[in-house]
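Here is a short briefing on a protein and DNA model.

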2 protein chains.
Amino acid sequence: MGKTRERIVDASAELFRRQGYIGTGMKQIVAAADAPFGSLYHFFPGGKEQLGAEVIRHAGRYYEELVMGIWDAAPDLTSAIDAVFSGAAEVLRQTDYADACPIATIALEVASTNEPLREATADVFESWFVQGAARLEAAGIKRADARDLIVALLSLLEGAFLFGRATRDAVHVERAGQAAAALVRDALGRVNGSPGRAGRTRRRPTPPRRTR
Amino acid sequence: MGKTRERIVDASAELFRRQGYIGTGMKQIVAAADAPFGSLYHFFPGGKEQLGAEVIRHAGRYYEELVMGIWDAAPDLTSAIDAVFSGAAEVLRQTDYADACPIATIALEVASTNEPLREATADVFESWFVQGAARLEAAGIKRADARDLIVALLSLLEGAFLFGRATRDAVHVERAGQAAAALVRDALGRVNGSPGRAGRTRRRPTPPRRTR
DNA sequence: GTCTATACTTTGATAGAC
DNA sequence: GTCTATCAAAGTATAGAC
């Protein structure tokens, strides 16, 4: 229904997430996008690599907005963490253990083999770190701790995605969420003796400006 | 110098870890193994899939023994966690951010596309969970907590590997190790009020029997 | 912008001599 | 067990009519 170029990017993102970048063929993409083959190289003269880079950045930003939207909708920090992990586990189940992180598979595939695409994934992850750290700070985590904490929280999520997909069991994601909550409690306790209300964020945390 | 079949498996494991299963060709494998092409299908009549399954199980067991060996050599639980994560970060740096988890890339590639290989990765991960949980129990973690904790610790490691390779920065692995240590302290505190000696493992934790 | 046909390369896999 | 030649299929990419 949308524009052809848009459909190509969306279909590619879906296929890359499930089959990886290398495992997805250009012919499969145009078939899934219901797009003419000629349009592919019309819109992406740089070929598969240009398409891959665009998909990584597009899917990365989309997922960032999805997760941060859930985060911001929660009344406090611990609820936010719980909502993100619970929601991720639910999506994993509902998609037959296919839809987890949109770029993790690509990131590992290209990390040592394709420098432009590796940089694209690194940029996406860095943006996630910045956005998450800003929210942790807004919730009262010390600036010096926020960066380390968000990396740990997202590592828990990514690792649990890996185990969840491989074992076809989303409980790993939920349990990782409980571990994430424990890490948050620790960090909050380090700055505030009363953990009861320490986790309460401002009602409308100033959304940090995107750096792009 | 070893037997041909052995060289093929080892070379495949190395290539799969860095380039993934799909991204590695059979011709590249025989070249790296310095093996005759005919031998490949002589030893692996099931083709690439049979080779992939064997590499997953072989590399999975090798890595398990490597990590658990480091674990068992540490004087106490928190030292063990630190040693594992620090060692992993060091290897990551020394290999130009190539050598992290030997099967994570394959696991994500095949999770939704190749059921036999997906099962192989699931078996490996499950074995890691069992071995790790047994060691946590031996260190005083309650049985009911050990399983959840080992999944969280390994999720931290796997997620940090992903970010470390993508951003070419091993500090993520070290920081994940600190978060892992915090989770362990929490779990130990839940069973023993004196965290000072609570983390002390038995000098020779009974190695749980392998289930294969 | 769309569409078809096709060029070129690489892939996994096989056959058969040695 | 080894080695070479080769297959059929799939991969990415291009050309050119419309």
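Of the atoms of DNA strand D that come within 4 Å of the protein, 61% belong to sugar and phosphate. This is a predicted model, in which local features need pLDDT of at least 70, side-chain atom pairs count only at pLDDT 80 or more, and totals for chains, interfaces and linings use all residues. Residues are numbered from 1 along each chain as its sequence is written, chains are lettered from A and ligands numbered from 1 in the order in which they are written, and side-chain values use heavy atoms, with hydrogens and water left out.

- The side chain of B:S39 has an N or O atom 2.4 Å from a phosphate oxygen of DNA strand D.
- For B:H42, a polar side-chain atom lies 3.2 Å from a phosphate oxygen of DNA strand D.

**Contributing helices** (DSSP runs of H or I, at least four residues, numbered from the N terminus)

- Helix 3 of chain B gives the most to the surface near DNA strand D, with five residues.

**Two chains**

- Chain A superposes on chain B by a rotation of 180 degrees with 0.0 Å of shift along its axis (RMSD 0.0 Å), fitted by least squares on the C-alpha atoms of residues with pLDDT of at least 70 in both.
- That is the relation of a two-fold axis.

Conventions. A residue is near a molecule or strand if one of its heavy atoms lies within 4 Å of it. A polar contact is a pair of N or O atoms within 3.5 Å; within protein, one must be able to donate a hydrogen and the other to accept it, and residues adjacent in sequence count only if both atoms are side-chain atoms. Helices (H or I, at least four residues) and strands (E, at least two) are DSSP runs, numbered from the N terminus.
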